[in-house]
Amino acid sequence: MSDHRQASVRDQRTEPGSHGRRGARRAGGEGPPPQAPPPDVQPQPKKGRGRKQKRLGIGAWAGIAATGLLVLSTLGGYKVYRDTLSGFNVIDLTDKLSNNRPVNATGALNVLIVGSDTREGDNLKYGQQMADAGKRTDTIILMHIAPDRDKATFVSFPRDSVVAMPACESETGAPVAARTEMINAAYNEGGITCTIDTIEALTDIRIDHFVEVDFSGFKNIVNALGGVRICLTKPVDDKKSKLTLPAGWHLLAGEKALGYVRLRNYGDGSDIGRIKRQQVFLSQVVKKATSSELLTDPTKLLNFIQTTAKSVRMDKALAEDTGTLFQIGQSAQKLTASGVQLITVPWGPHPDDPNRVAWTQPYANQLFAAIKSDTEVTPPPDTKVKTVNREQVRLQVFNGTDTPGRAKQVADELAEQGFVITHVGNARPAAGNVSTTAVRYAKKDTEDGPAYGDAVAARLSGDKRAPVAGKVKPVTTDKYTPPTAAKATPGAKAPTGPVIQLIIGADWPGVRALPKIPDALTDKVVDSKTNPCT
């Protein structure tokens, strides 16, 4: 695992305050993040007591810009669509990003969304004293659209995450040195180019494109949607966010919508709590943006498209690639609110400063691996290829190498994905290691063996391996016992199909992560079923 895949540790001198309060920085040592269990109930940082004037960030609602992309191409064949595309504010990223970038081999689309709190132009009224302070981001979100464009996952990166930031080149071409910093420093000091390099180094996920939105752009997009409904569990009277509302449901637009997503002094006052509220807000935005009310009303849709185009900045490659824009837009026809999930990178208090965040391992990397491995594309309805679910496969895992314990380790990983593991053991011949990993079925199972073998081969990393007819006789065989009791599915029948063998060779590629949020994190997901009043 790359060093950049781990959140690093650095001593930091901080102002009194919660997550979301920037402090002065000083150099220090590095180390791995805490190894903690799934954050069922994370300790929340204290409420801020710092200087009265603080920078109020744009918040996780930057993802609203993405909803514009999701419907942007509905008018694909019309002149107004082409005219709209020409109005984007763009930046050319050619030759400005790292030479050591991850590869996207899945067909998914990964768009990095950032929120800029610049006080330039129409944004000056949100802090005149910061007019010359440049741009910062308090929001970094990865929008992952599945290969068949019917699902989307939004991953929020807490701005106070202390991470290893790689050396990079700023938007202006200036070099920025590697350092251990809060993650938002990548944008503050190097712009979108350093932000992309940092996220790619930390997650090993290729960023295909980016979208940026500021305060005024956010208001314009929400207004074009006709406002968004939110629910308050208690009254709000916050001067900093300029929001005063009673408890209950509200349709928010304009300044009130902006005030809600900038709200700090609410709940426990932490930045993590604010992210959760913003994710609920965004889930309501997606629900409205993908509704038939918008998509079937040409006037509303055109206004929304034009407003979105004027309210965001993106990379030149995306703005000029009408094919990709059209593809993203077409996904709105498949994407529904139920297909959208929002989650924050698993986190815990930083061991050196509880007002900072360290990503919780191994759960953070499991989440990133699940996103990177999203290769499952629904086969067309008229396919003649038999599809076998993992739960239907009885599997034996045998180690053909000198590496001790590998059969049990691999069996545990595949059992967690749903395969019914029956036996593990040793299949290394006296002559030495088996050179090539193989998926095998009995010669008599020529009708069903290949399909059941394919289900196993699909979960191995790298190029897909064709199942081989002919099973091997293992040296030793033991009945498999899972590390924890498997969850029984009510009414589920024991599989009766052919038994498949997985022979682990010297070229063992590893098990591909499932293209879904790991089970240990499912209670952290915000989706269409989340009660916005909790």
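Is C194 buried or exposed, and what is its relative accessible area? C194 is buried, with a relative accessible area of 0%. Keep in mind that this is a predicted model, and that the values here come from its atoms.

**The overall picture**

The chain has 534 residues, and 54% of them count as buried. Its secondary structure comes to 13 helices and 23 strands. If you look at contacts with a separation of 6 or more, 78% are between residues 24 or more positions apart.

**The disulfide and helix α3**

Back to C194, which pairs up with C168 in a disulfide, S to S 2.1 Å. A search of the whole structure finds 1 disulfide. C168 sits in strand β6 and C194 in helix α3, so the bond ties together parts that are 26 residues apart in sequence. C168 counts as buried too, at 9% relative accessibility. The torsion about the S-S bond of C168 and C194 is about 100°, so the disulfide is right-handed. As a reminder, a disulfide is a covalent bond between the sulfur atoms of two cysteines.

Helix α3 deserves a look of its own. This helix covers residues 185-203, which makes 19 residues, yet its end C-alpha atoms are only 17 Å apart. A straight helix would reach 27 Å at 1.5 Å a residue. After α3 comes D204, with a positive phi near 65°.

**Salt bridges**

How many salt bridges does the count come to? The count comes to 10 salt bridges. Here are three of them, with the N to O distance for each.

| Salt bridge | Closest N to O |
|---|---|
| D160 with R356 | 3.7 Å |
| E171 with R313 | 3.1 Å |

Take the salt bridge between D160 and R356, at 3.7 Å. This pair links distant parts of the chain, 196 residues apart: D160 is in the loop between β4 (152-156) and β5 (162-165), while R356 is in strand β17 (residues 353-359). Both D160 and R356 are buried. They also belong to a network of salt bridges that links R159, D160 and R356.

Next is the salt bridge of E171 with R313, at 3.1 Å. E171 lies in the loop between β6 (168-169) and β7 (175-176) and R313 in strand β14 (residues 312-315), so this pair ties together parts that are 142 residues apart in sequence. E171 is buried with a relative accessible area of 18%, and R313 is buried with 9%.

**Nonpolar cores**

In soluble globular proteins, nonpolar side chains tend to be buried together. In this model, the largest nonpolar core has 39 residues. Which residues have the most contacts inside this core? They are F154, F218, L232, Y260 and F281. Helix α6 (residues 271-289) gives this core its largest share, 5 residues. A second, separate core has 33 residues, including L112, V155, I192 and W359.

The buried residues in α11 are Y363, A364, N365, L367, F368, A370 and I371.

Finally, look at F419, in the loop between α12 and β19 (420-426). F419 counts as buried, at 4% relative accessibility. What is F419 in contact with, leaving aside its neighbours within four places in sequence? Its contacts are R390, V393, L414, A455, V456 and R459. As for F419 and V456, they are 37 residues apart in sequence and 8.4 Å apart in space, C-alpha to C-alpha.

Definitions and conventions:
Residues numbered from 1 in each chain as written. Predicted model: local features only at pLDDT ≥ 70, side-chain atom pairs only at ≥ 80, totals over all residues. Heavy atoms only, no water. Helix = DSSP H or I, 4+ residues; strand = E, 2+ residues; numbered from the N terminus. Expected span 1.5 Å × (residues − 1). Salt bridge = Lys/Arg side-chain N within 4 Å of Asp/Glu carboxyl O. Buried < 20%, exposed > 50% of the residue type's maximum accessible area, 1.4 Å probe, protein only. Core = buried A, V, L, I, M, F, W, Y, C linked by side-chain atoms within 4.5 Å. Disulfide = S-S within 2.5 Å. Contact = heavy atoms within 4.5 Å.
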